[in-house]
Amino acid sequence: MKVRKGSSLAVGALLVGIVGLSGCATKRFVGEEVSKSSAASEKRISEVQTQVEAAQSRVREHDSKLAELDKSTRDALERAEAAGKLAEGKFVYSLVLSDDAVKFPVNRFQLSKEAELKLTEFAERLKGENKNVYLEIQGHTDSSGPDMYNLELGEARAEAVRRYLSKQGIALNRMSTISYGETEPIEKNTSRKGRSQNRRVVVIVLA
């Protein structure tokens, strides 16, 4: 009986030892797993923070570029972005048809030969360098005539440019028109020269 009791005590001690060792191993395993999980979480948090900082940097850069543009170009960019027409929301360049290069006579929207030549060159450039761009064609007038008439005249001028570019191979779904009428003058309407500058079409090229 004494031998059996001693054996039982030895077995019990051995079991306690095994359980103790097992407990230590389990604690080490759990500790290692927690440590790994913590490291992975910290790495993921760091990656997310980097992505957020990069996104914020792009937003700041975008806002900075917007601030450099004139109002009509900013408006065009915002409309195109809202319509989902842009991949990056980037202003490329603009073409201005005004008295410097071509003439829009008073109360007229038809394109002159000079305007058609300039638009032909412009279309070739688009097809060669900027195939996937989006165009907003803006029509403007001087202050002669009623407001509503000027809005309609500005639209007619913009639409004349859109139709001509379409004939040159620019896709219609990549172009939109808007009329500002007399509301966005670049010169004072108090002189003949100023009014001729305000009778214009501006083509905003966006990517």
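Let me begin with how the helix geometry is defined: an axis here is a line fitted to C-alpha atoms, for helices over the stretch in contact, and an angle runs from 0 to 180 degrees between N-to-C directions. Please keep in mind that this is a predicted model, in which local features need pLDDT of at least 70 and side-chain atom pairs count only at pLDDT 80 or more, while totals for chains, interfaces and linings use all residues. Residues are numbered from 1 along each chain as its sequence is written, and side-chain values use heavy atoms, with hydrogens and water left out.

I will start with two helices, α3 (residues 113-129) and α4 (residues 147-167), whose axes come within 10 Å and cross at roughly 50°. That angle makes α3 oblique to α4, since angles under 35 degrees count as roughly parallel, over 145 as roughly antiparallel, 65 to 115 as roughly perpendicular and the rest as oblique. Helices (H or I, at least four residues) and strands (E, at least two) are DSSP runs, numbered from the N terminus. On the α3 side the contact, meaning heavy atoms within 4.5 Å, is made by Glu116, Leu119, Thr120, Phe122 and Ala123, and on the α4 side by Val161, Tyr164 and Leu165. By class, these residues divide into six nonpolar, one polar and one charged, where Ala, Val, Leu, Ile, Met, Phe, Trp, Tyr, Cys and Pro count as nonpolar, Asp, Glu, Lys and Arg as charged, and the others, Gly among them, as polar.

Leaving aside its neighbours within four places in sequence, Gln168 is in contact with Thr120, Ala123 and Lys127. Between Gln168 and Thr120 there are 48 residues of separation in sequence, and the C-alpha to C-alpha distance is 6.8 Å.

On a 1 Å grid over the protein atoms alone, a cavity is a set of points where a 1.4 Å probe fits but cannot get out, and a pocket is an open set with protein on both sides within 12 Å along at least five of seven lines; lining residues have an atom within 4 Å of a point. The structure holds one cavity of 30 Å³ or more, and the largest cavity has a volume of about 40 Å³, a volume being the space filled by probe spheres set on the points, which are joined across faces, edges and corners. Its lining includes Asn107, Asp142, Arg157 and Arg199.
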